[in-house]
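Me: I would like to go through this structure with you step by step. Please have a look at it first.
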Amino acid sequence: MRYYSPSLFNAFNICKRQSWLMSRQLSADQYNEFLEIGRLIDEATFKRQRKRIYLADLEAILDMVVKGKDLFYIAEIKKSSKTLKSGIFQLKYYLFLIKIKKGIKAIGLIKIPKEKISKEVLVTEEDEDKIIDVLMEMERVLSQEVPPKVDIEVKRCKNCAHFEFCWS
Ligand code: SF4
């Protein structure tokens, strides 16, 4: 099974076409950021409990990692609860990846400081099945020669970096 970066995974759950375009690096903004941070921070940083951790082999940027007594806590910090649902699923994917690829069991925390929200996130077996289904679907869609057609309303595309690929 192929494991994709959390940003591609998250994009896929919002818009498959965006994920396809990102997979071809047709808008490389985020990837450039990953690459740059990756040069500065390596995997060893994970152990130092620094904020904004980059895990190079997972292509994942974690907002915060805290080592508890027996467990790691991985926090994702959001600006608002608007994207809470997709944020929770993305965090579950982080936890899944860390377990599968590193053998580390962690608990997730979604934090929205402005709204004073702090929510614990765990990955159930059902979540893992759902993640695997998404990964299989990603493999099918992202290997296609052409991107999926636009199938969402233009108002949801306003802030998308790929707007010009879809609407001009
Ligand atoms: S502009 Fe809209 S349809 Fe195109 S990739 Fe972005 S979100 Fe998807």
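Me: To start, what share of the residues in the chain is buried?
Reply: Of the 168 residues in the chain, 42% are buried. Please keep in mind that this is a predicted model.

Me: And the accessible surface of the chain, what does it come to?
Reply: It comes to about 10,400 Å², and carbon and sulfur atoms account for 50% of that area.

Me: How many helices and strands are there, and how do the elements run?
Reply: The chain has six helices and five strands. From the N terminus on, their order is α-α-α-β-β-β-α-β-β-α-α.

Me: Now the ligand. Which residues surround it?
Reply: The surrounding residues are Cys15, Gln18, Val150, Ile152, Cys157, Cys160, His162, Phe163, Cys166 and Trp167. By class, eight of the shell residues are nonpolar, two are polar and none is charged.

Me: Which helix gives the most to that shell?
Reply: That is helix α6, residues 163–167, which contributes three residues.

Me: What happens to the backbone just after α2?
Reply: Glutamine 25 follows there, with a positive phi of about 55°.

Me: Changing topic: which residues touch the most other members of the largest nonpolar core?
Reply: Those are Tyr4, Phe9, Tyr93, Ile131, Leu135 and Met138, in a core of 18 residues. Helices α1 (6–14), α2, α4 (84–102) and α5 each supply at least two residues of this core. The largest share is that of α5, with six residues.

Me: Is there a second core, or does everything belong to one?
Reply: There is a second, separate core of 15 residues, and Leu62, Leu91, Ile110 and Val121 are among them.

Me: Back to Tyr93. Which residues is it in contact with?
Reply: Setting aside neighbours within four places in sequence, tyrosine 93 is in contact with Tyr3, Tyr4, Ser5, Pro6, Phe9, Ile131 and Leu135.

Me: Where is aspartate 127 found? And is it buried or exposed?
Reply: Aspartate 127 is found in helix α5, residues 125–142. Its relative accessibility is 11%, so it counts as buried, the limit being under 20%.

Me: What does the side chain of aspartate 127 make a polar contact with?
Reply: Its partner is the side chain of lysine 92, at 3.0 Å. Not counting residues up to four places away in sequence, aspartate 127 touches Lys92 and Leu122.

Me: Last one, lysine 119. Where is its place, and what does it touch?
Reply: Lysine 119 is in strand β5, residues 117–121. With a relative accessible area of 38%, lysine 119 is partly exposed. Beyond residues up to four places away in sequence, lysine 119 touches Ile88, Gly108, Leu109 and Ile110.

Me: How far apart are lysine 119 and glycine 108?
Reply: They are 11 residues apart in sequence, and 8.2 Å apart in space from C-alpha to C-alpha.

Methods:
Residues numbered from 1 in each chain as written. Predicted model: local features only at pLDDT ≥ 70, side-chain atom pairs only at ≥ 80, totals over all residues. Heavy atoms only, no water. Helix = DSSP H or I, 4+ residues; strand = E, 2+ residues; numbered from the N terminus. Near = heavy atom within 4 Å. Nonpolar A, V, L, I, M, F, W, Y, C, P; charged D, E, K, R; others polar. Buried < 20%, exposed > 50% of the residue type's maximum accessible area, 1.4 Å probe, protein only. Areas by Shrake-Rupley, 256 points an atom, 1.4 Å probe, with all protein chains shown as cover. Polar contact = N/O pair within 3.5 Å; in protein donor to acceptor, adjacent residues only side chain to side chain. Contact = heavy atoms within 4.5 Å. Core = buried A, V, L, I, M, F, W, Y, C linked by side-chain atoms within 4.5 Å.
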